[in-house]
Amino acid sequence: MWLAASLCFKVKEAGHLRQKHVEVKGIWSLLVRGLFLSDRKMELSSGKLARFADGSAVVQLGDTAVMVTAVSKTKPSASQFMPLVVDYRQKAAAAGRIPTNYLRRELGSTDKEILTSRIIGRLEHFIDNILCNLLAVDGVNDPDVLAINGASAALALSDIPWNGPIGAVRVGLVDGETIINPTRKQMSSSALNLVIAGAPQNQVVMLEASAENILQQDFCHAIKVGVKHTQQIIQGIQQLVKEQGVVKRTVQKLFVAPEEIVECVKKLAFNKIYAVFTDSSHDKISRDEAINKIRLETEEQLKEKFPEAEPYEIIESFNMVSKDIFRNLVLNEYRRCDGRDLTSLRDIKCEVNMFKMLHGSALFQRGQTQVLCTVTFDSLESSVKSDLISTAVSGIKDKNFMLHYEFPPYATNEIGKVTGMNRRELGHGALAERALKPIIPQDFPFTIRVTSEVLESNGSSSMASACGGSLALMDAGVPVSSAVAGVAIGLVTKCSVEKGDIEDYRLLTDILGIEDYYGDMDFKMAGTNKGITALQADLKLPGIPVKIVMEAIQQATAAKREILQIMNQTLAKPRPNRKESGPVVETIHVPLSKRLRFVGPGAYNLKKLQAQTGVTVSQLDEETYSVFAPTPSAMHEAREFIREICKDDQEVNLEFGAVYTATITEIRDSGVMVKLYPNMTPVLLHNSQLDQRKIKHPSALGLEVGQEIQVKYFGRDPTDGRMRLSRKILQSPATTVLKTLTDKNSIVLGGTVPQSSTSSQ
């Protein structure tokens, strides 16, 4: 039990500090609700933390805990648009780490944080302002699904009116077995990563999935199991609300267009709008211009007839009539504005090998959606490196395949400044990346970057990116397991006025931008001829039955196969070889005895090699290096460079315990530098090995540069490969064999060097 005391805090207002005193009376009770999902306990609690928020909840699974707060404005706003704010933040302290940046604190949002925020924000029909704070992470349970449930609980326990609660679970598929909220270890071997949010009465609110090309029936079964388990979470939240006795605030009546203005719009513009929406000769630009012309004419007439009406009342009335006409065409007449039937695809054209200098390229055109995809190979060192915090919190590791999505303003005939990546571009790119990742071979020797630039956009550019990316990969010679295609399915519904239940609906294949705008769902699915690789469903409704989801998957599967047939006419399988202008990778075996010579002091030789030729050198193990060259000519330059730095080094089989004639090349304080043969790299013969007597400088023995001395060979140092020579040991009486070495050729990369030696006694 938590006793609320008198709380005092300072509020900065109008440039002045004023003290505000808040009295909170009564007893705060800590409400806890435990839910068992597949023998694992998820705990929901409220009433202890962040009590100034309108709603606050803590969700815990294992030792991973997330606190979510909900706050909503109580003052009415003149704006008709209420922005949704969802912010999910990973905390380094939650993983027991300190941030590795120079400030040692959390800075901007990471990709994982943005993508998780978008998942929660996809429930925008329900929520207003959500902040998710990661309290603790155990490295076993992922916190993102907990954040969704925390948002649901926080809103349900607040006085903010909404249409919830909802429940969310992650569904995995390991060895054919469906697992609810799998651990991170289980997810590493799972063929499915499905996050599903459900509403009461087995309604589906949101779907987000990536899969290893699983069959349609397995995917549908996972959705049904997931929806079933979301109901347990919903019931647990409802029980918490009942125990706390939540009373929702009274909401100001939402704006509704005046009926008399709506009727006037119908009389003035209904036939004109209907004619535009039924004229299939219009494209995106001409249709928008025609509707905008009718809008301006109608607004002028309405201003004369309703001089006291607010501008937004006239605009909203016109929008309402336009939307009703568009939706009724689909529902009642089974007609679409471009003349297609409900299940037809737009015209598709594909091209590959757009530019010879690119490693791979493809142009995918579907209707007025046009995407240019390119493929670039680079060294494995260019893979995306995850920081320690992201790895500890979210399990994100380095990846050598990435897809970057770009949406410039000219793609929709708009003017705008091209800035950095925004949340939408990140989300669309992540979806297309998930669609293509399962077909990429795991042992591919390069890092792959696919860029998708949207040149024209009129619906489903993310799925066009998946199609174009698949063609570009095959054009680049990547041995993908199969081609991937994606399509977007739309939904138009008719709901009952009293209950709000769906009375009738139509599913639309390959939706246009206007069908997404006026419709109720954007259901994107990608996969191969065999199965599904990615899925994402955005809804504008409080929920849809599982039956509609199953029909959408079936309709998307049929469209996907039709698209693959068209793509196969352009390029049916990967090219057998990569392009001549593409990168090259070779491995070099460097014995320990040669490593110092190859690397150079302070890695000088490697740095110089990379700077002059543009290659990337990475060490695979103690004696093996990988050399990546962006072009064959760069690899040729690298070979010449390596030959040059190794020209006076060679592999000679020296006999352990044999005596050789060495030539002094340099006198040092610590000893003398000697060569056993002319093309050899000098090695140090230390003062301690020069004479039986202890000397501080070689000059004490009268040694000079160019003088020949006898030394005994004792092999190489196992740690650094350096020769171990001694002159001191020869001063003791013993029978020795003197070896004379002939001149050798320089090392030849990729071949062996002939060796010979002669002996005399």
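A: Methionine 67 has asparagine 133 as its bridge partner in strand E10. This pairing belongs to a predicted model. Strand E8 (residues 64-70) and strand E10 (residues 129-136) run antiparallel and are joined by six bridges. Strand E10 is also joined to strand E9 (residues 85-89), here by five bridges and in a parallel arrangement.

Next come the nonpolar cores. The largest nonpolar core has 125 residues, and those touching the most other members are Leu207, Ile223, Ile448, Phe523 and Ile553. Helix H12 (residues 546-570) supplies the largest share of this core, with eleven residues. Beyond its neighbours within four places in sequence, isoleucine 223 is in contact with Leu194, Ile196, Leu207, Val549, Met550 and Ile553. Another core, of 24 residues, lies apart from the largest one and includes Ile261, Ile273, Ala290 and Ile291.

The charged pairs follow. The structure holds 30 salt bridges. One of them joins the side chains of arginine 327 and aspartate 520, at 2.9 Å from N to O. Arginine 327 is in helix H7 (residues 311-333), while aspartate 520 is in the loop between helix H11 (513-518) and strand E22 (521-527), so this pair links distant parts of the chain, 193 residues apart. Arginine 327 counts as buried because its relative accessibility is 11%, and aspartate 520 counts as buried at 7%.

Lysine 399 and glutamate 433 form another salt bridge, with their closest N and O atoms 2.7 Å apart. Lysine 399 lies in the loop between helix H8 (388-394) and strand E18 (401-406) and glutamate 433 lies in helix H9 (residues 423-436), so the pair ties together parts 34 residues apart in sequence. Lysine 399 is partly exposed, with a relative accessible area of 30%, whereas glutamate 433 counts as buried at 12% relative accessibility.

Arginine 643 and glutamate 640 also form a salt bridge, their closest N and O atoms being 3.1 Å apart. Both are in helix H15 (residues 632-645), and because they are three residues apart there, about one helical turn separates them. Arginine 643 is partly exposed, with a relative accessible area of 28%, and glutamate 640 counts as partly exposed at 40% relative accessibility. Elsewhere, salt bridges that share partners join Arg336, Asp338, Arg340, Arg346, Arg366, Asp510 and Glu515 into one network.

Conventions. Residues numbered from 1 in each chain as written. Predicted model: local features only at pLDDT ≥ 70, side-chain atom pairs only at ≥ 80, totals over all residues. Heavy atoms only, no water. Pairing = 2+ DSSP bridges. Helix = DSSP H or I, 4+ residues; strand = E, 2+ residues; numbered from the N terminus. Core = buried A, V, L, I, M, F, W, Y, C linked by side-chain atoms within 4.5 Å. Buried < 20%, exposed > 50% of the residue type's maximum accessible area, 1.4 Å probe, protein only. Contact = heavy atoms within 4.5 Å. Salt bridge = Lys/Arg side-chain N within 4 Å of Asp/Glu carboxyl O.
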